[in-house]
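Please consider the following model with attention to its charged side chains and to the pairing of its strands. The discussion takes these two topics in turn.

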Amino acid sequence: MLQNKIDFTVIFTAQRANPNGDPLDGNRPRIDYDGYGEVSDVCLKRKIRNRLQDFGEPIFVQMDERKDDGFKSLRDRADSIPELKAANKDADKFAEIACREWTDVRSFGQVFAFKGIDVSVGVRGPVTVQTAVSAEPIEITSMQITKSVNSVTGDKKASDTMGTKHRVDFGVYKFSGSINVQLAEKTGFSERDAELIHRALITLFENDCSSARPDGSMEVVRVYWWKHNCKSGQYSSAKVHRSVEVNKVSGDGKRIEDYEIKYTPLDGLEAEIYDDLR
């Protein structure tokens, strides 16, 4: 069982890629009102889930194109566990079984609310992830594209129908997160689970390529992993996360070398650092 609070910070780059499209803005890369790039916490947890699945871990919330058990919905996946069906009137028992069965449930939590079950069950997970934000405002490039064939026979649209594709030319993003021991005790989240999360963060963009994110366009460059010496933590998560800063120091900000990653160690709390820039 997990005995020590954990904090982490991840720094990654996006080069000629769309790290997280905004469906309310024509799938352009997400930005805030000041022009800083964003990648939602939901997107980041999706990537962590995918990596855990790659490691052979049982995952409840699977992507349709990555399903490894043949179930077509979350309800079908939940119903495949006879113990869960038998415990649908006992919320605590239901949560205990679900946490035991699926790594992502005992990590991030889950709400089980389906038609036909007597109770809605909410599981609070110990692993929380913040939204990633770029170190500098990002520049978005839009490119006109065409399709070379008709989608269906008899389609009146010409085969050269226009479309638009968007990308970030270059951006350095940072996000942080924590693992809470008190919630880990409730879900059964273990030291082994924590190490799997650590490994997933380091390899976050493996097997994540797409037309919007070509292989090699997204790269984790540094991961800080702090393991406190007690359950409640030696410092607040906010103070730990503030100990890492990313600032542009030279050039036009189009290369990682134009940025300084500054880490100020805290007394008595040492970070394990993965550094792909050395």
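**Salt bridges and strand pairing**

A network of salt bridges links Arg51, Asp54, Arg66 and Glu206. The model is predicted, and the salt bridges in it number 21.

One of these joins lysine 45 to aspartate 41, with 4.0 Å between the closest N and O atoms. Both residues belong to helix 1 (residues 41-54), where a spacing of 4 residues separates them by about one helical turn. Aspartate 41 is partly exposed, at 24% relative accessibility.

Arginine 77 and aspartate 69 form a further salt bridge, in which the closest N and O atoms lie 2.7 Å apart. Arginine 77 has a relative accessible area of 3% and is buried, whereas aspartate 69, at 31%, is partly exposed.

Arginine 167 and aspartate 169 also meet through their side chains, at 3.3 Å from N to O. Here arginine 167 is partly exposed, with a relative accessible area of 22%. Aspartate 169 has 18% relative accessibility and therefore counts as buried, since the cut-off for that class is under 20%.

Which strands pair with strand 10? Strand 1 (residues 6-17) runs antiparallel to strand 10 (residues 162-179) and is joined to it by 11 bridges; within this pairing, isoleucine 11 stands opposite lysine 174. Strand 9 (residues 140-146) is likewise antiparallel to strand 10, over 7 bridges, and serine 142 has histidine 166 as its bridge partner. Strand 7 (residues 127-129) contributes 3 bridges in an antiparallel arrangement, with valine 129 opposite glycine 177. Strand 8 (residues 132-137), also antiparallel, is joined to strand 10 by 2 bridges; serine 134 is partnered there by tyrosine 173.

Note on methods. Residues are numbered from 1 along each chain as its sequence is written. This is a predicted model: local features need pLDDT of at least 70, side-chain atom pairs count only at pLDDT 80 or more; totals for chains, interfaces and linings use all residues. Side-chain values use heavy atoms; hydrogens and water are left out. Two strands pair if DSSP finds at least two bridges between them. Buried means under 20% relative accessible area, exposed over 50%, partly exposed in between (1.4 Å probe, protein chains only).
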